[in-house]
Amino acid sequence: MIKLTPRAQASAKWGYLSPVLAVFLTLIAATVLFWGLGKDPQLALYTFFISPIENWYGITELLVVAIPILLCAYGLALCYRASIWNIGAEGQLLLGAVVATTMALKFVDSDSLWAMPLVLLAGMVGGMLCSGISAFLNLRLNCNETLVTIMMNYIALNTLLWAVYGPLKDPSGYNFPESALFGDSSLLPILFEGTRLHFGLLLVILALVIVWVFMSKTFLGFQIKVLGLDKPAARMAGFKEKKLAAMVFLVSGALAGLAGAVIVTGSTGQLIPAISPGYGYSAIIVAFLGRLHPVGITLAGLLIALIFMGGEMSQMVLQLPRAITGILQGLILFFLLSCDVLIRYRIVFTVKLPGFTAAAKH
Amino acid sequence: MSNVKRLAMQGITKEYPGCKANDQVFLDIEHGEIHALLGENGAGKSTLMKMLYGVVKPDAGSIIWNGSPVSIDQPAIARGLGIGMVFQHFSLFETLTVTENIALVLGDQAGHLKTLAHRIKATSERYGMPLDPERRISSLSTGERQRVEIVRCLLLDLQLLILDEPTSVLTPQEVQDLFKTLKKLTKEGCSVLFISHKLHEVTELCDSATILRAGKVTGHCIPKNETSESIARMMVGDDIAISNECKRALGGDVFASIEGLSTQSIGQFDIALKNINLQVKQGEIVGIAGIAGNGQEELLKALSGEEIHRNSQAIKFAGQFVDQLSPLKRRRLGLAFVPEDRLGRGAVPDLDLCDNALLTSFDSGLVQNGFLKKSKIVQLADKIIKQYKVKTPGNHTSAASLSGGNLQKFIVGREIDQEPKFLLMSHPTWGVDIGAQVAIHDAILQLRDRGCAILIISEDLDELYKISDRLGAICDGSVSDFLVPEVLPLVKLGQWMAGDFGPSTEPKTATTAATKTVEIGATSHD
């Protein structure tokens, strides 16, 4: 029989090393996987992890992919620190994109300076609307937050589809499910000529700093930490549990909504059905891989963005299926969680003896 | 009886990462004796018992059982040898009957359920602790639950019964019943190993004692020839105060007043509070005795605001109704709170002492415009650690790694440092060693003398008699009257704890005491 027994003290060092180990194990598993699929592992690894960022353009593309993932992940980290299992960043992102688009379409022919801030703000409102509904269901009606946020993802996705096939469809777009192209006033400026890297990067850096300061330097951040670690202590100290929970829901919704707005205003320039290949879901992995710390998340976000790009590259070069991206992300999360279990517990092999079940009670 | 000892543990050593829990421990127990194992928290008593009962394996040393060496790898083997153990925290399933619970633990040794029920009934009556085998655990009192655990041990061919702090959950009357049972057991040759903090019980009951300090045996004694003080001195060493002077106080104006507080019970095992009337004056300590699970938690939560009862108007702080106020607002009216659970409520296990200092002291200038003032927080943590002699490697140690007593000193220090007007404490020194106990009591008494109203809920009657200015009991959600401890006989408090709040039916001596009580009680109410 195999038993997990808690360790006397979890190693702090391995707390930081376990994400690194998880990435390493994922690389090994990927090698085996490529080999099993009949591809040269060396070439496959090169194609997947090196070739996408071999040049300056590749690096800027990596950042473009990382921008929405990171915005979502910073918000999710706040939720997870408060032990609120918000799985709804994807839906919040999509709804943010829909509301941002609605706003952007009002400014197609305008060159008002207000257009850009209003569109981004609209995206945040859209995300907050989505997470706000989850927060209401969770905090007022006691519904499980994991379930309601997942279900809101489907509602948001179908709202997006309804919008691009219906009210937001470009009237002169030959019936394609796309919105009209945004006007210049609501497109994010490009940072470097010849690349697609846009102003969203600065928003990410701003979010990084704000979230970092918020978590480590403010009393609200402290209260969120206590709420997540130990609810009875938070109650004993008189912290306002529900208000804190509602706040992290709304902040993470706003950040995910901003991510949606940044995608439509920075990358696609219009609303299309496929604005997100699951950035909001990947952000969950990123948040945990980054140990819920803004800096760790930033590194993890770049890695996951690389897997997104590597997945596309290997589809083109190696004719691997699209699912490879999801498999690798899943493997990382799997190895990370396994490593984490072993930080807190050790495996004990025991021989089953008669009468042992009764003894086990003590 | 031959000169073969029942049990000899020789040179037992057990090391955990970072501490030597047992270091060359020798323990001898004779046939038919009640042997006390004494020591402060963390002295290594539990570790030693766990090795004897087969839960933990010793690193070195041998166990000689009735003259022959044995290796006890698991509790089943210990039970097979005739060793029974009653843990401090019972492991009973509330929804099952007495018989079913016993059958579950004994496994194959239980035999058929019907004969088992008969055996339970017969055994329990023989030793003077009647039990109905068909009753569900949820309907039993704590004392009865303990009987279930003891009877479970007696059903086997018992030769050594280990009791870990058995009296901490009992009323004084129940304690006397337990002692009778134990004496009867020893007459039949069974040995008892008795672990307790309550030294007067040890001097009353035990034939011999072994004293542990920091994992080592520091002495043996015949408790009957010693006093509580001399034994305590052996336990803590020479350089720690083991007593402090307590003067009674009368108190000033009423700070906290509870009038007709009643609540509804929500869950099946919750206790509803029934028409509670209670006042705590400035500069006064009010003690509430009671067996756990009689409404203490509910009363504390109603006072702290962790549980808010809508439409209730029963609790006043300084003349202002606070029933609808959040815990935070009550704190700002001067409330401080030391809850029963240190880890997980009084302190966050994974956070360090600085963060835990901030946990409730955030109004003491540690936060400016929403930002934390780290240096002030560290200062406060250091101040608490220094002033209350908290033993810790540093202020960045996590709360979980402190011993129970040290963490309690830290929590009490944190709350007292806020100079509260009303301090609410639950089991302030439960499981805390004598040195720390004295320190905590001193701090509480000083706070009282500075004019704070203090309400203490505890199961430790010695403590309540020592520091309370007025003392009463809670039972099944109702509270008794509150009297000055000097005129409240232990017997009467015991009756109150058992729910008998009626006028005393004691013989004359007690009645006179009671009348006297009323007078003094009345003056102290004014």
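Is A:Ile205 buried, exposed or partly exposed? A:Ile205 counts as partly exposed, because its relative accessibility is 42%, where buried means under 20% relative accessible area, exposed over 50% and partly exposed in between (1.4 Å probe, protein chains only). The structure is a predicted model, in which local features need pLDDT of at least 70 and side-chain atom pairs count only at pLDDT 80 or more, while totals for chains, interfaces and linings use all residues. Residues are numbered from 1 along each chain as its sequence is written, chains are lettered from A and ligands numbered from 1 in the order in which they are written, and side-chain values use heavy atoms, with hydrogens and water left out.

A:Ile205 lies in helix α7 of chain A. Helices (H or I, at least four residues) and strands (E, at least two) are DSSP runs, numbered from the N terminus. A:Ile205 also belongs to a nonpolar patch on the surface. Other members include A:Trp56, A:Phe199, A:Val213 and B:Phe371. Together the patch residues have about 830 Å² of accessible area, computed by the Shrake-Rupley method with a 1.4 Å probe, with only the protein chains shown counting as cover for residues. Patch residues have over 30% relative accessible area and no salt bridge; like charges are joined within 9 Å, nonpolar side chains (Val, Leu, Ile, Met, Phe, Trp, Tyr) within 5 Å. A salt bridge is a side-chain nitrogen of Lys or Arg within 4 Å of a carboxyl oxygen of Asp or Glu. In chain A, α3 (56-81) and α7 (200-217) each supply at least two patch residues. The largest share, 4 residues, comes from α7(A).

Chain B holds an open sheet of 4 strands. The order is β12-β11-β14-β15, with antiparallel pairing. In chain B, β12 (276-281) and β15 (320-321) stand at the edges; each has a single partner strand, so one side of each is left without a neighbour in the sheet. Strands pair if DSSP finds at least two bridges between them. Strand β11 (residues 254-261) of chain B is joined to β12(B) by 5 bridges. B:Ile258 has B:Leu278 in β12(B) as its bridge partner.

B:Ala117 sits in helix α4 (residues 113-126) of chain B. B:Ala117 is buried, with a relative accessible area of 12%. B:Ala117 touches B:Thr99, B:Pro133 and B:Glu134, not counting residues up to four places away in sequence; contact means heavy atoms within 4.5 Å. B:Asp132 is 15 residues from B:Ala117 in sequence and 8.7 Å away in space, C-alpha to C-alpha.
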